[in-house]
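I opened this notebook to record what I looked up in the structure, beginning with the whole chain and then turning to single places.

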Amino acid sequence: MPTILVADDDENIRELVCLFLRNDGYTIAEAANGKEALDVYASTEVDLVVLDIMMPTMDGWTLCKELRRANPKLPLLMLTARGETWEKVKGFELGTDDYLTKPFDPLELMARVQALLRRYRIGATQTIQFKNVTLDRQTYKVTRGSDSFTLPLKEFELLYKLAETPGQVFTREQLIDQIWGIHYTGDDRTIDVHIKRLREKFADTTDFQLETVRGLGYRLEVNE
């Protein structure tokens, strides 16, 4: 199981977070401040860090910056007792991947940890696999059983983005920004065209489906 480093100067909160994570099977390392967290990170193979903002010696902002400098791909989940928008923006600018405000629901904490670890594994391997389908981002090839074929770049990127988090709804605007770029000036209905092409190419598959969520956008659902 992955090792998760929990950095929080509030002993009660730290113990609570560690308890939830241990109960879910994760290996846990602990730190009471940012400097201690960096020392633990230097001596331990860590797969994800849960860090508080307000800590003595070295706060979460500085710790986030130092961890991101050491490992640009390390998943970081920031905890704070405050939920102002500017704090969230600052956290994301410094490199945090997700943000959770105290008090939090343990189930939400676990869901966010699992999602971050899944994205980290996908990012490290550049492949997504579900049922009989494998998407290889290094070659832009799709494999279904014994069949393998290459998709046009944007079609592949669209399918890959939806497949990273099955069940999550993406708006047209989100997909345009993440695949075509924020400076794209064309019609956002290009998403509809690419979805239609993907549906045609995978019309015979029973492994997944591309669903339209009326008024919102699209999601990929893996069939049971």
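Entry 1, the whole chain. The model I have open is a predicted one, and of the 224 residues of the protein 43% count as buried. I listed the secondary structure next, which comes to 8 helices and 12 strands. Along its principal axes the C-alpha trace spans about 55 × 40 × 30 Å. I also looked up the contacts with a separation of 6 or more, and residues 24 or more positions apart account for 53% of them.

I found V6 in strand β1, which covers residues 3-7, and its relative accessibility of 2% is under the 20% cut-off, so V6 counts as buried. Leaving out residues up to four places away in sequence, I noted that V6 touches R14, V17, C18, L21, I28, A29, E30, A31 and V50. I then checked L51, which is 45 residues from V6 along the chain, and the two C-alpha atoms are separated by 6.0 Å.

I located N33 in the loop between β2 (27-31) and α2 (34-43), where N33 is buried with a relative accessible area of 13%. A polar atom of the N33 side chain lies 3.1 Å from the backbone nitrogen of K35. Not counting residues up to four places away in sequence, N33 touches M55, P56, T57 and M58. I followed this list to T57, which is placed in the loop between β3 (48-52) and α3. T57 is not a glycine, and yet it has a positive phi of about 70°; at 66% relative accessibility it counts as exposed.

How do the axes of α3 and α4 cross? The axes of helix α3 (residues 60-70) and helix α4 (residues 85-94) come within 9 Å and cross at roughly 25°, which makes α3 roughly parallel to α4. I wrote down W61, C64, K65 and R68 as the contact residues of α3, and W86, E87, K90, G91 and L94 as those of α4.

In helix α7, residues 172-180, I marked R172, L175, I176, I179 and W180 as buried. Seen down the helix axis, the buried residues of α7 fall within an arc of 100°, so they line one face of the helix. I then asked what covers the buried residues of α7, and the elements found include α6 (153-164), β10 (170-171), α8 (190-201) and β12 (217-222). Just after α7, G181 takes a positive phi of about 100°.

As a reminder to myself, most residues other than glycine have a negative phi, and most peptide bonds are trans. With that in mind I recorded K131, which is not a glycine but has a positive phi of about 50°. K131 lies in the loop between β6 (127-130) and β7 (133-136), and at 40% relative accessibility K131 counts as partly exposed. I also recorded the cis peptide bond that joins K102 and P103, with an omega of about -5°; P103 has its place in the loop between β5 (98-101) and α5 (106-125).

Key: Residues numbered from 1 in each chain as written. Predicted model: local features only at pLDDT ≥ 70, side-chain atom pairs only at ≥ 80, totals over all residues. Heavy atoms only, no water. Helix = DSSP H or I, 4+ residues; strand = E, 2+ residues; numbered from the N terminus. Buried < 20%, exposed > 50% of the residue type's maximum accessible area, 1.4 Å probe, protein only. Polar contact = N/O pair within 3.5 Å; in protein donor to acceptor, adjacent residues only side chain to side chain. Contact = heavy atoms within 4.5 Å. Axes fitted to C-alpha atoms, helices over the stretch in contact; angles between N-to-C directions. Parallel < 35°, antiparallel > 145°, perpendicular 65-115°, else oblique. Arc of directions from axis to C-beta.
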